[in-house]
Amino acid sequence: MKAIRRFTVRPVLPEPLAPLSDLARNLRWSWHPETRDLFRSVDPERWAASDGDPVRLLGSVAPERLAELAGDSRFLRRLSTVAADLHDYVTGDRWYQTQPNSAELPAAVAYFSPEFGITAALPQYSGGLGILAGDHLKAASDLGVPLIGVGLLYRHGYFRQTLSRDGWQQEHYPVLDPNELPLALLDEADGTPAQVALALPGGRSLRARIWLAQVGRIPLLLLDSDVEDNDPHERGVTDRLYGGGSEHRLLQEMLLGIGGVRAVRTYCRLTGHPAPEVFHTNEGHAGFLGLERIAELCDGGLEFDAALEAVRAGTVFTTHTPVPAGIDRFDRELVARHFGSDAELPRIDVERVLNLGMETYPGGEPNLFNMAVMGLRLAQRANGVSLLHGDVSRGMFAGLWPGFDPDEVPITSVTNGVHAPTWVAPEVFRLGARQIGAQRTEEALSVGGSERWDAVADIPGQDIWELRRDLREQLVVEVRRRLRASWRQRGAGTAELGWIDGVLDPDVLTIGFARRVPSYKRLTLMLRDRDRLMELLLHPERPVQIVVAGKAHPADDSGKRLVQELVRFADDPRVRHRIVFLPDYGMAMAQKLYPGCDIWLNNPLRPLEACGTSGMKAALNGCLNLSVLDGWWDEWFQPDFGWAIPTADGAATDADRRDDIEAAALYDLLEQRVTPRFYERGATGLPDRWIEMVRQTLSLLGPKVLAGRMVREYVERLYAPAARAHRAAGPDSARELADWKARVRAAWPRVTVDHVETSATAATAELGTTLTLRVRVGLGDLGPDDVEVQAVSGRVDSEDRIADATTVALKAAGGPDLEGRWAYEGPLALDRTGPYGYTVRILPAHRLLASPTEVGLVAVPSEEVAEGAGVLMR
């Protein structure tokens, strides 16, 4: 019989065990081994059955066992120690509080993301973006950064994946009950649930409750629209991550951005938490948060343009996609219907809203509202997530800054990192602790700060090799368990599955490949030459085995076909003991997969991988990377700790030929370099050269790939400058900057470079020569305080384009003359040999600008002026 109503019955813990509830509700347990060990000791069998979720565990433990533990003095001492450790962790000073410039750092930062991967027990993520956001919160907690996370609570999370008998992906959406998750409702002082509300067209409204997940020191606010006051359509807004049509997604993103700011204000009002000075938009989904903050300032009496400048000053925007197709874009009319007098933010003219997101630049689609474009227009600071991705992003969004070279577009880079305490296997941690102690190991993995982990050099090779085999053996056991469950779901009977006991071998070179399955990640590149792959898998002396996992988006049939193609190959009785596909890739699987692999394979189409952090997690466990030079690997690859797959990315190479060439290069590397190194033995009987590569991976890559390093970079390079800009952008300063920008834009058509000359008398000069550059400019209604006149110089190519440019500000030398022109001059140092060129340009200048390119205006010499300036030195 089916129940007509469901309750969550919470256990009543005996008073001595009360701290268990606090420990279970703080998600620090997900990366703190001592807390997990404590919960495991409560009831090892039920701990395993609860998939390592303390909330589920406590809901299932028999009262008799709880009473027994309440009288167990040894258990109570452990409980007291772990609870005291959490208290110290949450309240004590950490890296952030001990910085010499701590007074300049933001009092708080609000971090918005559409998904957060904290733990498998809170399934609110789909892939890399969410895992990165979760690692960002955990690292901020370890460092003591006062972050407030903001997201949505999806009642179905992301889908669970199974396979049909013929290998087709099937999606399942289990309903999540927030009362059974490690969450608590945010309540008003009178005990009623706190709510935020958005106005919808036609007088309707969208209401949401606020759930709180405590991530160490960091509160994570999750908005939930499944409340009785909503109509059925509105109740379903937060049903699924990345589900529904355009209007559904727009409502999700309005709730995340606008509702998220209101949730932050509510949380700070109820708890006394400092109000955020910096708002960080993790990808464009939360971009509407800037509109809500503008509306707040307008309600306080500030004009729209001034409010825009004040909001921009304290906003950081991170883009994660290297392709326009990965950005949410909405029809202009749909956005217009949800803003304005009949809907949300009625005090802001809807045209002002639309102008922030419209693609009003060459190559853009003028009727589409682009969330990333809005994010960039609403943020004074922006970044990509690797050096290469920053370069790609500057090119992709260059249309927003016409007249500037892509490398001058104001988008910097902070390369992603991963939260080592979450992803490092306990066995790897213990090996480090034996060398330098548990406390130093924990600090090295969480806070970081060193360039190298030199202590790895002192670990005996035998210990490293035994560790790697142990982790590989654990993976073999896990794969067989999951594979058996998958085949049972596919309809196989027990009698058919005896072969699974022989799947994988703990002494065979193991390759991992696990990620989302969009086409650019090329799940099936390894199948390009199946005969050659079979030879690798079945080699009599140097075999390889491959573990593959990944989900295709529910609406992506081409991705599902790739999954099916891989599954059908892995089902072949000739190779199924050497290659497996594991369905339902998620955090729990990943934490076994990364440590157990010897090689982490990554073969995207370069440069379409923004960063790609799975290889970082593998590296922290001594796994070597075999990857296309894309994302972070392009930045940090060295032959000492991995291999680079050559790319065939010339414009004349079609997609099929490119795949053929790069697959052949992959097979060559595996046959000629990777497998021989794994299987060759030195004088000690160990694969000495392989072990040395593992050492180099741990000692050189380890400190780089930490989320602690990443968050420290955000604090120092983006959050602290944004906080200073926020404080400088008070109402008067914001008005000043807005008025100045309006005046500059109106006057700019009359800003000209009228004459350029140098002291050079010939077209050649010696290295080290310094020339004098003299310029006359017209400034129209502007004055010298409004602009900066620059000399831009460097080597030139065959088309006179300046590469690797150096800019020098010229000094005003007089004016205005009778024609209203101003004279500027300065030195031009010829510091490079070969073809050398220069030009002159004028940029707006103001003390409150984050960069001289921010306004997007530039004046350069006309062709006539350039021809008379002697622009080339040879």
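**Entry 1: Glu283.** I looked up Glu283 and found it in the loop between β9 (278-282) and α10 (289-299). The model is a predicted one, and I keep that in mind for every entry. Phi of Glu283 is near 75 degrees, a positive value in a residue that is not glycine. I noted that most residues other than glycine have a negative phi. Is Glu283 buried or exposed? Glu283 is buried, because its relative accessible area of 6% is under the 20% cut-off.

**Entry 2: Asp51.** I then looked up Asp51, in the loop between α3 (44-49) and α4 (54-58). Its phi is near 55 degrees, again positive in a residue other than glycine. Asp51 has a relative accessible area of 64%, so I put it down as exposed.

**Entry 3: Pro607.** I found a cis peptide bond between Arg606 and Pro607, with omega at about 5 degrees. Most peptide bonds are trans. Pro607 sits in the loop between β18 (599-602) and α23 (614-619).

**Entry 4: Phe39.** I located Phe39 in helix α2 (residues 33-42). Phe39 is buried, with a relative accessible area of 0%. Which residues does Phe39 contact, leaving aside neighbours within four places in sequence? I listed Leu20, Leu23, Ala24, Trp47, Pro54, Leu57 and Leu58. I also checked Pro174, which is 135 residues from Phe39 along the chain; their C-alpha atoms are separated by 26 Å.

Entry 5: UniProt, in an unreviewed entry, places the feature "domain: DUF3417" at residues 13-122. I found this span to be 50% helix and 4% strand, and its end C-alpha atoms lie 23 Å apart.

**Entry 6: cores.** The largest nonpolar core has 106 residues. Met526, Ile599, Leu626, Trp643 and Trp690 have the most contacts inside it. I followed Ile599: beyond four places in sequence, the residues it touches include Leu509, Ile511, Cys623, Val674 and Trp690. Another core, of 64 residues, lies apart from the largest one, and Ala194, Leu200, Leu289 and Leu334 are among its members.

**Entry 7: helix α11.** How many of the 10 residues of α11 (residues 304-313) are buried? I found 9, so the helix is mostly covered. Phe304, Leu308 and Val311 are among the buried ones, and Glu309 and Arg312 are also buried.

**Entry 8: α19 and α22.** I looked at how α19 (residues 461-489) packs on α22 (residues 587-596): the angle is about 140 degrees, and the axes are 8 Å apart. That angle makes α19 oblique to α22. The crossing of the two is left-handed. Residues meeting there include Leu471, Leu475 and Arg482 in α19, and Met589, Leu593 and Pro595 in α22.

How values were computed:
Residues are numbered from 1 along each chain as its sequence is written. This is a predicted model: local features need pLDDT of at least 70, side-chain atom pairs count only at pLDDT 80 or more; totals for chains, interfaces and linings use all residues. Side-chain values use heavy atoms; hydrogens and water are left out. UniProt positions are given in the numbering used here, feature names are shortened, and annotations may be inferred rather than shown by experiment. A nonpolar core is a set of buried Ala, Val, Leu, Ile, Met, Phe, Trp, Tyr and Cys residues joined through side-chain atoms within 4.5 Å. Buried means under 20% relative accessible area, exposed over 50%, partly exposed in between (1.4 Å probe, protein chains only). Contact means heavy atoms within 4.5 Å. Axes are lines fitted to C-alpha atoms, for helices over the stretch in contact, and angles run from 0 to 180 degrees between N-to-C directions. Angles under 35 degrees count as roughly parallel, over 145 as roughly antiparallel, 65 to 115 as roughly perpendicular and the rest as oblique. A crossing is left-handed if the near helix is turned anticlockwise from the far one by less than a right angle, and right-handed if clockwise.
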